[in-house]
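Please have the sequence and the 3D view open while reading.

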Amino acid sequence: SRGAAAGWAWGVVFHFFLVNVLVMGMLKTFGIFFVTFREEMGGSSEQVSWIGSIMSSLRFLGAPLVSAVCQRLGERPTSILGAGLVAGGCLLSTQATSVPFLCFSMGFLLGMGFACLYQAAAVMTAKRCRARLAFCNALARSGMGLTFLMAPFTQLLIELYGWQGTLLIFGGIMLNLVPSSMLLWPVSTDLPQKSAKNQRRGSSVAKKDPETPGGCLDGSTPRELQLHCAQEAPTTERLIPHSREDSDPANPCALGRLQKNPESSSSATSTEAKRSHKTLAATKKEPPQPLLDFSPLKDPVFFIFTWSFLFSHLAYFVPLFHLVARARTLGMSSRDGSHLIAVAGITEMLSQLLSGWLADHNWTKKYHFHVTYLLLSGVTNLLGPLATTLPLLLAYTVAFATFCGGFMALVLPVLVDLVGVEKLHSYLGFAAFFAGIAAMGGPPLAGWLYDYTQTYVCSFLFAGACALISPISFFFEPSAQKWKLKKANL
Amino acid sequence: SLEKNISLASPTKVELTCKLDENTNLKNPQVTWKKGSETISHTSKTKNSWTIQVTISDRSQLGSYTCIVKDEKEISATFHLHVPKVEGREKPIITYEGDRAVMVCKTEHNSKAWTWYMTNGTELVAINKILHADKFQIKRPSANVNRLEILKLTKKDGGEYWCEASFDLGSSKTRFELRVLSITAPLKPFIAVVAEVAILVVTIVLYEVYSKKKGKGREKEFDQIEQL
């Protein structure tokens, strides 16, 4: 059963991978549907592009609502709901006759479905993969690299069956997310009645050996017991048995002896866990869960993270948007442009995996890596305008993709490090919400920059500036943590 | 050689000029304007340019006009005068039975009249004449755009359709291909995918039920061990 726990973690990673492939694939191939919708429905370009905007922005903006749903229902039902929404939206769209209809069926339903799928998958990955979170996250995100296959596939389907048939078949393909969502077995249940038995089973399965071979592990038991502690100081979450982070101050918890000996031998911990849990089950009180947990908004660490997330998102999307156009203005063919995009995609995928693997070694705090990649990416972007020939532009693309892959892979692990897994839902939800606002404003802002300056150089300088601004907030992280600790100990 | 396309819808007078680049130093260039084999005389001439004026009053005057510059080498440039072309859809239009097909025809200039044809075997039959209002609808959203809508499609409606725009100087046509599929066509792969999903779901549910039973059995074991 030890292998079973590791197996379920790989299942979660596979599901997240599939979510990335299908969701990003759908978002990217929307451009192909765009042309067909314009011809059939006869709307203006602007009206039809609303569908795509709603679809991609709801993925982020719907996150706070979805995180509340996830905390109520659990990740697995939410994910299945998300898959259902996406498939239903696709099927409903086959009956569309006008653009507003499509805005609802394709924009709204698909957007909310994507948000559900993403939130559930990301948090589940964080819950299951304690040891190798960065690598597992990078592995799942590499699914985005496969989305380039979706475009020719979609073209083929449209030629064979028209857009309605294609959407029908896509609806079926999205239904595949239902069985893969079923792999998101709950790590622990919220209901106190069931948890006693589950915890017992979980503790016999939990890994006590810190140096585990093999990938992601389910070290949930010691942490789950911490949940029932009266005070939930954020530093207690950091007590991952195998992490080499700074030692935490004294834990006010009743289960002190359990936390202070994280590396103790297996059998001792498991029996202790069982016994102490039995006594705890009698005295435990479930704290009331608010419907929408606004506590992240009072947390300075949240602002640190969101600031960085927002700017790093802008720094990521804007150059990609304008890379091909810049190549064209420098006199290269659009074929070269698409080669650049392909190179960028592959490099990013590889660098994500490398960055994740590297960060998991825990030689230093993960956000140090994150900050380094951001700074390097900023410098690359500032030097970007110097690239005026194809080899130089290629070098820029490779460097940019490497550093972007590096910091993108670490976004989730850094958040988990900062706030822990239990509160991850609400933090991730709100962070995604703010990132969504940035994502909505990013492309128009970049377009406006081009219109105003008549050159793409500004887009790269802007992205470089964003990438350099974004890590500034992390310098405040140690002082924010101390402030929080003081507040918690009062 | 250099070519240029000019679209003309109605009778007009056209001036065609061949101009030599200032940098070329040709000693004694001989320039002739020709339409096919017929030579046309210049109407005006400057140091580096030769112009002809042509009155286009009917379609016989449309065609290709070439200016040939002979010095040491021979360079020629051609103007193609023709009726405005009509734009349609090159790729086949895919529709489903019972659905509606829309074919949109566009030109640059305003057309006098539009005619739609469908093929009956090898003949072209004009739809405008057999206009059943509940089957065919022709709309004209603007002077240079024309829409044919075919309602209640059946398999027989598939095939070639032609859109013809008539101008004073002639007419031009473009081809549409309409394919009518039955609903079962995409339904087959869809049902195949849904079946695969159903199999996976059932497998996972069965596995869960099985492992719960096993787990319960093991828990009973643990309970017994603890009580010992």
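Is Cys466(A) buried or exposed? The structure is a predicted model, and in it Cys466(A) has a relative accessibility of 3%. Residues under 20% count as buried, so Cys466(A) is buried.

## Cysteines of chain A

Cys466(A) also shows how a bond can be ruled out by distance. The closest cysteine sulfur to that of Cys466(A) belongs to Cys404(A), 12 Å away, which is too far for a bond. A disulfide needs two sulfur atoms within 2.5 Å.

Cys129(A) is another buried cysteine, because its relative accessibility is 1%.

## Disulfides of chain B

Over all chains, a search of the whole structure gives 2 disulfides. One of them joins Cys18(B) and Cys67(B), whose sulfur atoms lie 1.7 Å apart.

Cys105(B) and Cys163(B) form a disulfide with an S to S distance of 1.8 Å. Cys105(B) sits in strand S11 (residues 101-107) of chain B and Cys163(B) in strand S16 (residues 159-167) of chain B, so the bond ties together parts 58 residues apart in sequence. The link of Cys105(B) and Cys163(B) is left-handed, with -120 degrees about the S-S bond. Cys105(B) has a relative accessible area of 0% and is therefore buried; Cys163(B), with a value of 0%, is buried as well. Counting bonded cysteines along chain B, the disulfides follow the pattern 1-2, 3-4.

## Two domains in chain A

The domain assignment divides chain A into domain 1 (1-186) and domain 2 (293-489). Taken over C-alpha atoms, the centres of domain 1 and domain 2 of chain A are 22 Å apart. In the contact between them, 26 residues of domain 1 of chain A meet 28 residues of domain 2 of chain A.

The size of an interface is often given as the accessible area lost when the parts come together. For domain 1 and domain 2 of chain A, the buried area is about 2,500 Å², and carbon and sulfur atoms give 71% of that. On the side of domain 1 of chain A that touches domain 2, the elements giving two or more residues are helices H2 (45-61), H3 (63-73), H5 (99-128) and H6 (133-141) of chain A. H6(A) gives the most to that side, with 7 residues.

## Where chain A meets chain B

Between the chains, 30 residues of chain A are in contact with 27 residues of chain B. Chain A and chain B bury about 2,500 Å² between them, with 60% on carbon and sulfur atoms.

How many salt bridges cross the interface of chain A and chain B? The rule finds 1. Arg76(A) forms a salt bridge with Glu208(B), and their closest N and O atoms are 2.3 Å apart. There are also 4 residue pairs in polar contact across the interface of chain A and chain B. Several helices of chain A give two or more residues to the side that touches chain B, including H1 (2-41), H4 (75-93) and H7 (150-174). H7(A) gives the most to that side, with 12 residues.

Conventions:
Residues numbered from 1 in each chain as written. Chains lettered and ligands numbered in written order. Predicted model: local features only at pLDDT ≥ 70, side-chain atom pairs only at ≥ 80, totals over all residues. Heavy atoms only, no water. Helix = DSSP H or I, 4+ residues; strand = E, 2+ residues; numbered from the N terminus. Buried < 20%, exposed > 50% of the residue type's maximum accessible area, 1.4 Å probe, protein only. Domains from an automatic or database assignment. Contact = heavy atoms within 4.5 Å. Buried area = accessible area lost by both parts, 1.4 Å probe. Salt bridge = Lys/Arg side-chain N within 4 Å of Asp/Glu carboxyl O. Polar contact = N/O pair within 3.5 Å; in protein donor to acceptor, adjacent residues only side chain to side chain.
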